[in-house]
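Let's learn to read a structure together, one feature at a time. Have the picture open while we talk.

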Amino acid sequence: MTILLEVRDLEAGYGPVRVLHGVSLDVNKGEVVAILGANGAGKSTLMTAISGLVRPTAGSIRFRDTTISSLATEQITRLGLTLVPEGRRVFAKLTVLENLKMGAYARRDRARIATDLDSMLERFPVLAERRAQRAGTLSGGEQQQLAICRALMSSPSCILLDEPSLGLAPVMVDRVFDVVAQLRERDGLTVVLVEQSIANALEVADRAYLVSNGRITSSGTSAQMVDAARELEAAYLGGDDA
Amino acid sequence: MNWSRRRLAESGRTFVVLGLVFTVIAVVIETVLGRSDSRIATEFMLVTSMVIAIQVYVGNSGLVSFGHIAFFAIAAYVAGLAALPPERLASIAPDVPAWLANMEASLPVAVGLALIAVVIFAGFTGVPFARMKASVVSAATLALLVLVHSVINLWSGVTHGPLGLVNVPDLVNTWVVLGTCLIITAAALLFRASPWGLRLQAVREDEVAAAALGIPIARSRFTGWMVSAVLMGLGGSVWALNAMAFAPAQFYFTDTFAMLSMLVIGGLGSVTGAVLGAAIVTVLSELLRNLEGGIVIGGFEIPELPGIVQMATAVLILLILIWRPGGLLGNEEAGAFRVGNVKGWGKR
Amino acid sequence: MTAQLLIQQLFNALSIGSIYALLALGLAVVFSVLGLLNFAYGEIITVTSYTMVLLVSMGVPLLAAAPVGVIAGILMSVFTEAVAFRPLRRAPAYAVVFSSFAVSLLVQAFIRNVVSPRPQGLAVPAWLDQVITIGGVRFPALSLVTIAIAVLSMIALTALLQKSKHGLAMRAAAEDFQTTRLMGAKAGRLILLAFAVSGTLAGIAGVLWIAKTGSATPDMGFNPLLQAFVAVVLGGMGSLRGAVAGGFALAFVEVGLQVFLPRDFVPYVQAISLLVVIIVLYVRPQGFARRVEERVA
């Protein structure tokens, strides 16, 4: 098992507010790892710190043997680590097609971008149908698919998903998780998944970490985490996060 | 929100320091200085007090306003028109309404009228400006400045157009100037520690968070705008009655930039910074003004350099902004420095 | 108001509006990507104008001097970015107001010292000075050329934004700068590109401006800055289409005021349009742009 992403003693926050207090985790190549925890625990901050949108104040992040903790977001994406941000953040005024093209912005191989685009549209007929529509007119679930596709267009080796099921109807949530499962099976990607929906997350993930108050409080395989569900419940219903 | 005890104490200490500085200058003017140096020093005090007035709005809200010079202009003209005797007004500004022309006002009346005019004008303009998005406010205040300037320039029947008002009675002595400085400084320092000042600073720091705390953004900005305008009106009218002559050009870019650069250099968020910045820019201007006519230093002839003062100030501002965006003092006041307690510089 | 007069004034407004629209576009491009106004924007016009004056006075034909003037404008714009914006990326928003204002004053002072504080004249070639008269309505050649160039420029800009990869990135950045960076687009390059495009548009406007006014002064940049700002506000901050609409609207308002206002008030035209802006900002802070409907899923 090669470690693809390695986070050590990470501290990060916004201005004077410290959110992460020394987080360490590993993600192996080909794994799907879930990051669980209640609102405000620091999961999203972890994602933004790893992807370079927020600069960590201490600790290190290594991706494929390169230290990325001080790199700019643009550079991190070009290295093959991509974030699908919380809330999708599709470019609402651009068309679906244009969104996908933006995903491939950093790539040079014109011909392959075109074929990738075609196969993406084939794989997600909903997007193909709406290719010329403004992304802002898509439904939540469709936007989520678009956001994931857009990230795939950058040909990443590791993809970070921040709360993909947020705000979606249960039917759409299932569809989204099908896609997440595909990411490993079909695309051979390593996936880090931040989720509030524990059941769904553990179904698709190999391992999981529980974040609470900016620290990792437990980790293990999905099976182990399911067994420790009581702890998760407490984390959700208040416990020491209140 | 309440008054910040800490800030209040800090303000008190700062007032002692700044008040002392002003008093010393006033005493020196009265006793030691000759005529021309007196003029410079008095001018310095009045300009500094106006910079402090601007600081109340710009520093606490974080929004650059070019428009406060417009309040200066209005105060100066109203005070001037009120104080000028009707005989002199008849020839230069025939369209001035009779009640104003015949006034030949004394100091308090002239200043009072100016304040009323400023309050009305600032009140009207303050409402839309308080509601504007932060990104446009600065440019909009620039528009306000141009608007007022062009009206003053064009309405010659009332303002004597580009030639301005002359022979305005000299109703002001050094002690009046000192008093004005002290009042404005005290008000600025008080505002900084007051609930209204604190609210405005919260909005400055983080609009979203402030709104979440229930702070009314537009109203906070409006309050800062008004307080700043009133103080500007006070300083401006006293200035007019000391300067005795002024023209629209006084209330346009050169002076706007000069005053704003004093703020930037000294530190936007601090009254002491305003004073420090004013001192630096004034000294620099005086030194360089001698160069403008071209001088000879040790055998080298330095040619005429019109506008060198402005260029140097602009370069200085750029350097400060790059090196210390918060200005030399950032948000710190003189009263904040104690032995062993020097906090971090500047504001990022 | 005869039909003849009406058409004449409409044409004038179109011609003036073309310049305003270009000016507004240039300012709006930077604003849409950065969310900041460039207070040294007017100096692009100034630099372009002085370059033209210099070249034409050396005998270079106007048509050859024009592209050089535009390039000078681009350089000025990029210079402003390097000096006033880039070093202050992490500074609070107001810092850029001061720094760009400082650059503006520096350029003005520089020109006063190095060239001259006095106006410099530009001689326009005879063919541009011609006037075509149809049915009593005067169509100056320069105005026709102005409208044509403005339209062509806007078409070119649209092509850049819609068809090219970098134009796409700029549109994306205008909407969501952070997410655009997530796509691997380098922030610095995008901003530089925005300033270059802005400089091109302002440069073209500058050429048209100096050809029309015939004289360059060190502080000439201030008026274009104001006009651009007014137009951008009217059209809705950050909306490129709005900027164009705002530019034409402003021109129509100005021409209209000049025609209908009593003689004595004509000098107040600028003051009145500024007043209108302040009122608009109060009543409708977002300008007259249509809101794009978005579903927040």
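**Reading sheets, contacts and confidence**

Q: How do I read a sheet, and what is the strand order in the open sheet of 4 strands in chain A?
A: Strands of a sheet pair through backbone hydrogen bonds, either parallel or antiparallel. Here, in chain A, 4 strands make an open sheet with antiparallel pairing and the order 2-1-4-5. Strands (E, at least two residues) and helices (H or I, at least four) are DSSP runs numbered from the N terminus, and two strands pair if DSSP finds at least two bridges between them. Strand 2 (17-28) and strand 5 (66-67) of chain A are at the edges with a single partner strand each, so one side of each has no neighbour in the sheet.

Q: Before we go on, what kind of model is this, and how are things numbered?
A: It's a predicted model: local features need pLDDT of at least 70, side-chain atom pairs count only at pLDDT 80 or more, and totals for chains, interfaces and linings use all residues. Residues are numbered from 1 along each chain as its sequence is written, while chains are lettered from A and ligands numbered from 1 in the order in which they are written.

Q: How many bridges pair strand 1 and strand 2 of chain A?
A: Strand 1 (residues 3-14) and strand 2 of chain A pair over 9 bridges, in the antiparallel sense. To pick one out, find A:Glu6, whose bridge partner in strand 2 of chain A is A:Asp26. Helix 1 (residues 43-50) of chain A lies across strand 1, strand 2 and strand 4 (58-63) of chain A, at about 70 degrees to strand 2. Axes are lines fitted to C-alpha atoms, for helices over the stretch in contact, and angles run from 0 to 180 degrees between N-to-C directions.

Q: What is the order of the sheet with 6 strands in chain A?
A: This open sheet runs 6-7-8-3-9-10, and its pairing is mixed. Strand 6 (81-84) and strand 10 (215-221) of chain A are the edges, each with a single partner strand, so one side of each is left without a neighbour in the sheet. From one strand to the next, the twist averages 15 degrees. Strand 9 (residues 207-212) and strand 10 of chain A run antiparallel and are joined by 6 bridges; for instance, A:Val211 has A:Ile216 of strand 10 as its bridge partner.

Q: Which pair of chains shares the most contacts?
A: Two residues are in contact if their C-beta atoms, placed from the backbone, lie within 7 Å. Of the 2 pairs of chains in contact, B and C share the most contacts. There, 38 residues of chain C meet 37 residues of chain B. Helix 4 of chain C gives the most to the chain C side, with 13 residues. Chain A and chain B have no contact, and their closest C-alpha atoms lie 10 Å apart.

Q: How many residues does each chain give where chain A meets chain C?
A: Chain A gives 26 residues and chain C gives 20 residues. Helix 2 (73-78), helix 3 (96-103) and helix 6 (140-152) of chain A are the elements giving two or more residues to the chain A side.

Q: And where in chain B is confidence lowest?
A: pLDDT is the predictor's confidence in each residue, from 0 to 100. Chain B averages 85, and 91% of its residues score at least 70. Within chain B, strand 2 (residues 300-302) is lowest at a mean of 58, while helix 12 (residues 217-243) is highest at 93.
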